[in-house]
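Hi everyone, thanks for coming. Let me put today's structure up on the screen, and then we'll walk through a few spots together.

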Amino acid sequence: MSSRMIANVGALACAGALLAAVPAQVEASQTPANRAFVRVNQVGWSPQEPKVAYVMTARSAPNARYAVVRRGKVVRRGRLGKDIGRWSKNFRHVYRIRLGGMHQRGAYRIRVRGGARARSPRFQIAPAQQLYRPLRRHAVTFFRTQRDGRNVPRGQLRRKPSHLSDRRAGTYAKPRYRNGRLIGRPHRIGGPVDVSGGWFDAGDYLKFVETSTYADASLLVAARKRPGDKRLRREAMYGLRWLDKMWLDKSKTLLYQVGIGDGGKKIVGDHDLWRLPQRDDRLHVRPHSPKYFIKHRPAFRAGRPGARLSPNLAGRMAAVFALGAQLQSQSRPDHARRLLRKARTVFALARTKQPGRLLTTSPHVYYEEDEWRDDLELGATEIAIAARRLGGTHVRRDLRRAAHWARAYLRGPHHGWYTLARDDNSAIAHADLARALSKYGRRNLAVSRGDLVRDLRFQLRVAKRRYAQPLGYGGAENPGSDFALGVAVTERLYRNLSHDRTYARFATGMRDWVLGANAWGASFVVGAGKAFPRCPHHQIANLVGSRNRKRPRLVGAVSNGPAERSEFVGIGKPGAYARRCPTRSSNPFARFDGKGVRYLDDARAWAATEPAIDYVAVSALAFA
């Protein structure tokens, strides 16, 4: 995945020492001769899905026995058996325990004895809705915590209204950067415009169309799948309202970013400070004050009015408008038609001939992106579905356009690099287009339903080849939680279309990896399982939230998880304005590092613990 680079070294120095919570398995009694740990999905499994636990040992223990216990009674016994591979120098042996056939609901624990000694955390077997509905609610709670503007829920980590100056923001030309630092002073070209509201991108306070379009499209798709979840729907529409503000319909102008991340000479950027967001409104600044752009944040313009737009942003913005039209087609048909018209307008402005470097953020290194055909496929597909729901014309034309871009993606240079993620939306686009072709017509188009289903299978095959290894994944190929959850979503979309379960075990294992079935025994979703991040790289959570197992917590936050060791070099000392988190200097996760990958639950360690709206958005789909 491209580098997140949300915080520079100065900002990274703002937060804490080392780890907060010991993994649940560290508390297990062990024999000194053979350290062993059991790794499970700490949330649990539904009765019918594949269930796999892992046992890590320092020394070979194929004859060690395991017992699965429910209510104090052993319900299954077995031998560890075949060694499936080495994890690290500390844990040279990994064994797989398959729990297929266990369908009875309840709380379970795995015990290992003889040749190795370990005990797993408790896990549940229950219907998926019972297990994962709370996590879906937590995802929405995270987005509510990320809200900016006046309409923020006070109960979420004691939030207060913030960045009220965004209601009258100036518009600015794209800034220039060199080596990650701003060159000169941003050039104002217009305004004022109302860009208040929306969501903070991550642990900082910037707002990007790049990530907000992906996140909101995901929430809108999840809300379409769960029409009874009014809370999810409201949050998805909240994100859409901000994106609507970023599209200046009268002048046909796109604003793509609010705020400066890294400042320059005599200009303080968002990443140069560690504070609560409402403090920005209290600043007393003049136009040439170093902190002027902290209070009066610039809204950067993508280009001249009516100019061609970077196709990635045009496609995703069109998709969001069209998905909003789908959700509003019955309750507010007039508003839905206005959204559909905007979707068509934005889509028509996509620059498809020699698009050059795609516009994402300023600077570009925050979110690099190479592929754009998938975004146009998604936009055209959702426009066709919205038009059909509203009883409009041109549905066949919209389908032809969607099929054209689907074929372009299949023949593109980046085809198959990733499954569902911020920079590749093809999985959702393929699935929706395949269903649309089945319902609305499928003759004489550039792709068939079969082409789309086969490509979903191809994406899963590539992912399995890259990431399937003992303990899920976590070596040189270590893209993070969002890709793991993206695989889970892609497999479900593929299975719904094909009824093929070939990749079900692999995809379930990727989800399990995010929820604790990994070498570190940690869930990377706050509030899920026994051991989850206590010290996220998130300013509000750091300054207001709890640093132990108590509340308030940043529930629903999804962080990247383990990262390459180089990402932790020079993370600095505790800053003057941050709270030290964790409060202890030991790192019990260190013993589980391996294959060049490290995990550190520390507020300074942004590469491992910074949550972001794109991570949480794909979790909302995975848990829906």
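This is a predicted model: local features need pLDDT of at least 70, side-chain atom pairs count only at pLDDT 80 or more; totals for chains, interfaces and linings use all residues.

Most residues other than glycine have a negative phi, and most peptide bonds are trans. Now for some residues that go the other way.

Find Lys 252, in the loop that runs between strand 16 (247–248) and strand 17 (253–258). Lys 252 is not a glycine, yet its phi is positive, near 55°. Is Lys 252 buried, exposed or partly exposed? Its relative accessibility is 36%, so Lys 252 counts as partly exposed.

His 499 also has a positive phi, about 60°, and again this is not a glycine. You'll find His 499 in the loop between helix 12 (481–498) and helix 13 (504–514). The cut-off for exposed is over 50% relative accessible area, and His 499 has 68%, so it is exposed.

Next, the peptide bonds. Where Gly 191 meets Pro 192, the bond is cis, with an omega of about 5°. Pro 192 sits in strand 14, which covers residues 188–193. Another cis bond goes from Ser 362 to Pro 363, and there omega is near 0°. Pro 363 belongs to a loop, the one between helix 7 (333–348) and helix 8 (373–389).

Let's move to the inside. The largest nonpolar core has 166 residues, and the members that touch the most others are Phe 143, Val 195 and Trp 520. Which helix gives the most to this core? That is helix 6 (residues 311–328), with eleven residues.

Let's zoom in on Phe 143. Setting aside neighbours within four places in sequence, Phe 143 contacts Trp 199, Ala 215, Leu 219, Glu 235, Ile 613, Val 616 and Ala 617. Apart from this core there is another one, of 22 residues, including Val 40, Val 55, Ala 61 and Ile 110.

The side chain of Ser 619 reaches the backbone oxygen of Val 616 at 2.6 Å. Is Ser 619 buried or exposed? With a relative accessibility of 1%, Ser 619 counts as buried. Not counting residues up to four places away in sequence, Ser 619 touches Ala 139, Leu 485 and Val 558.

My last stop is a disulfide. As a reminder, a disulfide is a covalent bond between the sulfur atoms of two cysteines. How many does a search of the whole structure find? It finds one. The partners are Cys 535 and Cys 581, with 2.0 Å from S to S. The pair links distant parts of the chain, 46 residues apart. Cys 535 is in the loop between helix 13 and helix 14 (539–544), while Cys 581 is in the loop between strand 19 (563–564) and strand 20 (597–598).

What is the handedness of this disulfide? The torsion about the S-S bond is about -75°, so the disulfide is left-handed. As for accessibility, the cut-off for buried is under 20%. Cys 535 has a relative accessibility of 1%, so it counts as buried, and Cys 581, at 3%, counts as buried too.

Technical notes. Residues are numbered from 1 along each chain as its sequence is written. Side-chain values use heavy atoms; hydrogens and water are left out. Helices (H or I, at least four residues) and strands (E, at least two) are DSSP runs, numbered from the N terminus. Buried means under 20% relative accessible area, exposed over 50%, partly exposed in between (1.4 Å probe, protein chains only). A nonpolar core is a set of buried Ala, Val, Leu, Ile, Met, Phe, Trp, Tyr and Cys residues joined through side-chain atoms within 4.5 Å. Contact means heavy atoms within 4.5 Å. A disulfide is a pair of cysteine sulfur atoms within 2.5 Å. A polar contact is a pair of N or O atoms within 3.5 Å; within protein, one must be able to donate a hydrogen and the other to accept it, and residues adjacent in sequence count only if both atoms are side-chain atoms.
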